[in-house]
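Here's a quick briefing for anyone opening this one up for the first time. Have a look at the structure, then read on.

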Amino acid sequence: MVKKKEKDKEPSETTDAHSDKPEPTDTDLANTLTKEELRKFYEEKGIDLSLDIPIHPKPIPQFEKSVSDKIASKFGSKVNVDYVRPNRIRMSTKREDILDVAYFIRDELGYDHAESVAGVDYPDSKEIEIVYHLGSYTDEQKESQILSLATRVPREDIPHPGKDRSRTPTLRDVFYSVEFHERECFEMFGVYFEGHPDNRRLLLPEDWADIPPFRKDFKIKGR
Amino acid sequence: MTTPLPPGIELEKIDERIMTLNVGPQHPGSGHMRLIIKVDGDYIVSCDPDPGYVHRGEEKMAEYRNYIQNIPHLERPVIHDSSNILYPYCLAVEELLDIEVPERAKYVRVIASELNRCIYTLYWLAIYGIFLGHSTMFMWPAGDRELFIDLLEAMSGARVTHAFLVPGGVRNDLPANFEERCLRQVNYFEKRLKEYEAIFYQNPLLIARTAGTGILSRTDAIRLGTTGSVLRASGVDFDVRKKEPYDVYENLDFETVVMKEGDSYARSRVPYLEMFESCRIIKDALQKMPKSGSVRTKLKPNPKGGNDEVYRRVESGRGALGYYIVSNNRPEPYRVKISVGSFRNLICIPYLLKGEKLGNMPAVYWSLNYWPVEADR
């Protein structure tokens with residue numbers, strides 16, 4: 001009983017201190033709770049919690065939020081912030097806008113290199129997603145951060161790498177370090193990077209005649 | 001008339017002065033990769049690395065196996081550093097499945113990964129010695145490496161491919177009297193390491209062949225997105241263990257090794273100095289470790305990952321090593337991307353070898369701490 005009273009007091013105190021701000025929403029409340037409390041909170045709301053869904057009762061970190069807000073306020077609806085977690089921000093954009101966003105991230109926010117460029121194949125929605133994981137060596141606050149910038153390109157059922165619609169502008173002029181990562185992505189997913197000076201194969205043999213092997217429709221034999 | 005060979009195989013003659021050479025893929029000086037080098041007399045005009053001879057599709061294989069079955073094959077890209085390549089996978093799966101790791105397991109993991117870092121660095125150093133014709137430097141690290149191999153064998157039961165780190169902790173607890181034995185061997189190894197200084201790092205032969213060759217400036221190291229010892233030898237103070245501490249690294253006492261020169265000598269010296277820091281970490285961890293307790297959180301059978309994605313990274317022997325895992329409510333991951341230090345440092349090879357003498361190629365190439373098998377995955 002004592003605990004409950006304390007809990008009742010806490011939100012009222014905070015609202016007194018920051019009376020200008022709007023009342024905390026459900027998600028704000030949920031971020032302050034521990035795991036057990038969160039489970040009860042969801043049950044009271046009538047949300048079904050199957051045991052397989054992991055619960056992340058972590059508060060939204062302030063610094064990461066401020067970084068994502070900068071991008072969101074600059075580009076508005078062109079950029080979609082997918083999540084903000086401790087040390088991780090993910091945002092997605094259309095391929096037409098990715099160069100503008102990338103230049104802004106490099107020049108204004110201090111991210112200076114790419115850690116990886118990952119392709120993810122989604123045959124059901126007929127799209128391939130390219131995810132750039134960007135990091136910073138020069139900005140002390142952002143050294144622990146990874147910013148994921150994702151874009152989607154159309155996916156052909158019968159791929160002709162380099163000759164079909166699966167293409168996106170290269171980020172090599174923005175982040176020089178993506179050069180070999182994009183070459184790998186091109187051979188493994190068949191996504192052509194427009195403007196890349198060296199769209200050759202890197203890891204696959206020169207005489208590889210099958211479809212790009214990291215697509216979902218390329219099956220490992222016997223599986 | 002002879003049949004024409006496929007492109008890149010023949011000894012191509014471009015003009016009277018420039019000739020194309022293939023170094024590798026079976027050359028002892030390149031590992032399992034090919035360097036297509038164009039030379040003008042003794043000087044390298046351009047270099048085009050051609051990796052992929054040991055590409056095994058680890059990322060594709062991971063999509064067919066569940067989170068536990070993935071453990072043994074994901075360490076195959078670099079068996080000498082097996083704990084460090086599994087470390088980010090375990091961290092990522094733990095975040096995905098929302099698993100808490102026991103306190104003692106965190107310390108055991110740190111000890112295992114630092115022992116593995118020493119094993120890898122000693123192996124690399126041995127090959128660097130034989131590259132430069134210094135056969136003593138091949139024998140000594142290869143022999144001292146056995147100390148740590150024995151320790152990890154006592155911990156995990158296997159000499160090289162340990163598969164010791166698992167999501168939720170480590171596979172089994174430390175054997176009896178491990179702390180005492182580990183401390184004794186690490187103390188002995190530190191004494192041995194000091195002898196390397198006189199025979200190798202102060203050796204005029206090494207200094208003449210590496211100092212001032214393959215200089216990578218600080219700006220270029222950042223622009224090219226290099227990582228690990230290459231980055232720190234160029235004066236950038238970046239170590240994932242310090243900048244984004246995982247498990248218990250923030251409680252442990254160690255320093256980042258940074259050198260400003262950016263040449264092959266600095267790149268060969270940074271991993272050596274880091275071995276002293278590894279010894280410091282191991283000794284500190286042995287002291288601060290809880291003396292008893294659980295070392296593994298049991299997972300549910302065949303756990304499912306939810307609709308989520310995660311990117312975790314650690315500092316391996318070759319730089320930052322990250323795993324990007326996408327999951328879609330299935331026991332198998334939907335996509336696993338391994339971002340390895342070797343692949344990220346590959347971009348330096350054409351950049352650094354241009355204008356260098358052909359004889360300096362091994363000294364520059366192996367100073368990049370490049371492991372062909374890991375780069376190909």
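B:Arg344 makes a salt bridge with A:Glu115, with the closest N and O atoms 3.6 Å apart. (A salt bridge here is a side-chain nitrogen of Lys or Arg within 4 Å of a carboxyl oxygen of Asp or Glu.) Across the interface of chain A and chain B, the rule turns up ten salt bridges. Keep in mind that this is a predicted model, where local features need pLDDT of at least 70 and side-chain atom pairs count only at pLDDT 80 or more, while totals for chains, interfaces and linings use all residues. Residues are numbered from 1 along each chain as its sequence is written, chains are lettered from A and ligands numbered from 1 in the order in which they are written, and side-chain values use heavy atoms, with hydrogens and water left out.

**Where chain A meets chain B**

- On the chain A side, the elements giving two or more residues are β1 (79-85), β2 (88-93), β3 (113-122), β4 (127-135) and α6 (179-189); helices (H or I, at least four residues) and strands (E, at least two) are DSSP runs, numbered from the N terminus.
- The largest share of that side, ten residues, comes from β3(A).
- In contact terms (heavy atoms within 4.5 Å), 52 residues of chain A meet 51 residues of chain B.
- About 4500 Å² is buried between chain A and chain B, and carbon and sulfur atoms give 52% of that; buried area is the accessible area (1.4 Å probe) that two parts lose on being put together, summed over both.

**The β6-β7-β8 sheet of chain B**

- Three strands of chain B make an open, antiparallel sheet in the order β6-β7-β8; two strands pair if DSSP finds at least two bridges between them.
- The edge strands are β6 (307-316) and β8 (335-339) of chain B, each pairing on one side only.
- Strand β7 (residues 319-328) of chain B is joined to β8(B) by five bridges, running antiparallel.
- B:Tyr324 stands opposite B:Lys337 in β8(B).

**The β1-β2-β3 sheet of chain B**

- Chain B also has an open sheet of three strands in the order β1-β2-β3, again with antiparallel pairing.
- β1 (18-23) and β3 (43-50) of chain B sit at the edges with a single partner strand each, so one side of each has no neighbour in the sheet.
- Seven bridges link strand β2 (residues 34-40) of chain B to β3(B) in the antiparallel sense.
- B:Val39 has B:Ile44 in β3(B) as its bridge partner.
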